[in-house]
Amino acid sequence: MNVLEDKVRQKDIQQFQSDLITWFEREQRILPWREDQDPYKVWVSEVMLQQTRVETVIPYFLRFVKQFPTVEALADADEEKVLKAWEGLGYYSRVRNLQSAVKEVKQQYGGVVPSEEKEFGGLKGVGPYTKGAVLSIAYNKPIPAVDGNVMRVMSRILSIWDDIAKPKTRTVFEEAVRVFISKEKPSEFNQGLMELGAIICTPKSPSCLLCPVQRHCSAFAEGTERELPVKSKKKKPGIKTMAAIVLTDDDGQVYIHKRPSKGLLANLWEFPNLETQKGMKTEREQLTAFLESDFGIQAEISDLQGVVEHVFTHLVWNISVFFGKVKQVSDAAELKKVTKEELEEFAFPVSHQKIWKMAVEAAGVYNSAAR
Ligand code: SF4
């Protein structure tokens with residue numbers, strides 16, 4: 001018998017299920033995606049909730065399912081509109097994968113989200129967590145849905161000291177949840193674990209005295225709830241210094257640029273920008289040379305207007321922001337010229353939304369930036 005099996009065997013699993021599910025049914029928060037069990041909506045909510053807080057997701061979810069209420073609606077939607085609806089949520093590959101997957105659902109499964117593990121798990125972007133969450137919540141299948149929250153809760157319940165930052169540790173917890181999960185109410189069980197992690201068994205100060213499964217919890221008994229889970233520190237993110245420019249012409253139209261179709265923030269729009277180097281040339285000089293060499297643009301460029309910082313998981317962007325007036329253009333085919341009203345229709349990453357906000361707020365300054 002391995003150590004995990006031994007730990008699991010010492011628990012009263014039925015009582016644990018009953019305590020957790022009774023509490024969840026009584027205490028669960030009212031959330032829009034819990035109003036019905038439409039598999040498509042459950043799926044959308046689970047994709048949105050990855051790496052994003054519930055309060056942030058609610059308005060996005062409501063807008064998204066209003067705009068794309070069915071698998072067909074999302075499958076047939078223009079990618080530009082889908083990205084726009086996701087604008088600000090970040091991790092855009094999630095929504096791109098979701099759209100590819102619903103296209104497959106439309107074509108292969110007649111628009112019905114498949115309920116079998118193999119079929120649903122084979123769709124683009126559907127990893128083990130999403131598979132377990134959607135199939136258990138929407139179709140009542142007893143499949144584990146293990147994310148960081150659930151690992152935290154189960155590491156404490158069972159006193160598991162494996163490092164949850166390591167990808168292979170997830171399978172340890174999946175194995176544990178597979179044994180613990182209620183076969184009668186897997187939806188309530190999985191949601192109960194998630195809810196417990198969100199509101200009671202929180203990372204820094206778990207509310208053990210209010211916890212419905214306290215009597216089953218090894219960490220509480222041992223006084224180690226604040227030491228668990230074990231999570232090794234990530235490497236510090238790298239820093240990239242950049243300069244970006246909000247460029248307008250005499251008619252007040254703005255030049256924007258589409259990011260490549262692969263890689264970070266693929267297919268989103270941005271203001272012309274470059275990575276800057278420390279050295280002899282100022283950022284403004286580097287920007288001037290970049291506009292000329294890459295787009296054949298000569299512009300009068302303002303002084304530095306501010307700095308926008310954006311933190312990704314692995315990288316920090318420090319963007320110096322400038323405004324400018326175009327004086328001459330020879331080859332700006334790589335750029336698109338739009339009015340300020342049209343610009344609102346394009347999806348920008350958060351950092352460039354901040355840049356645009358800066359330009360709008362300083363409209364007086366920026367209109368005369370190059371005088
Ligand atoms: Fe978490 Fe405390 Fe409950 Fe254990 S008793 S599951 S540590 S909140």
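Predicted model: local features only at pLDDT ≥ 70, side-chain atom pairs only at ≥ 80, totals over all residues.
Nine residues of domain 1 are in contact with 15 residues of domain 2. Domain 1 spans residues 3-222, and domain 2 spans residues 238-361. Taken over C-alpha atoms, the centres of domain 1 and domain 2 are separated by 38 Å.

Helix 10 (148-158) packs with helix 12, which is formed by residues 186-199, at an angle of about 85 degrees, and their axes are 8 Å apart. Because angles of 65 to 115 degrees count as roughly perpendicular, helix 10 is described as roughly perpendicular to helix 12. On the side of helix 10, the contact is made by Asn-149, Val-150, Arg-152, Val-153 and Met-154. Helix 12 contributes Leu-193, Met-194, Leu-196, Gly-197 and Ala-198. Sorted by class, the residues of this contact comprise seven nonpolar, two polar and one charged.

The loop between helix 10 and helix 11 (169-180) holds Ser-159. Although Ser-159 is not a glycine, its phi is positive, at about 55 degrees. Most residues other than glycine have a negative phi, and most peptide bonds are trans. Ser-159 has a relative accessibility of 7% and therefore counts as buried, the cut-off being under 20%.

A second residue with a positive phi is Asn-267, which is likewise not a glycine and has a value of about 65 degrees. Asn-267 is placed in the loop between strand 2 (254-258) and strand 3 (269-270). With a relative accessible area of 13%, Asn-267 is also buried.

The backbone shows another feature at Pro-229. The peptide bond that leads from Leu-228 to Pro-229 is cis, and its omega is near 0 degrees. Pro-229 belongs to the loop between helix 13 (218-222) and strand 1 (238-248).

A disulfide is a covalent bond between the sulfur atoms of two cysteines. How many disulfides does the structure hold? The number is zero. Cys-208 counts as buried because its relative accessibility is 14%. Cys-211, with a relative accessible area of 17%, is buried as well.

Conventions:
Residues numbered from 1 in each chain as written. Heavy atoms only, no water. Helix = DSSP H or I, 4+ residues; strand = E, 2+ residues; numbered from the N terminus. Buried < 20%, exposed > 50% of the residue type's maximum accessible area, 1.4 Å probe, protein only. Disulfide = S-S within 2.5 Å. Axes fitted to C-alpha atoms, helices over the stretch in contact; angles between N-to-C directions. Parallel < 35°, antiparallel > 145°, perpendicular 65-115°, else oblique. Contact = heavy atoms within 4.5 Å. Nonpolar A, V, L, I, M, F, W, Y, C, P; charged D, E, K, R; others polar. Domains from an automatic or database assignment.
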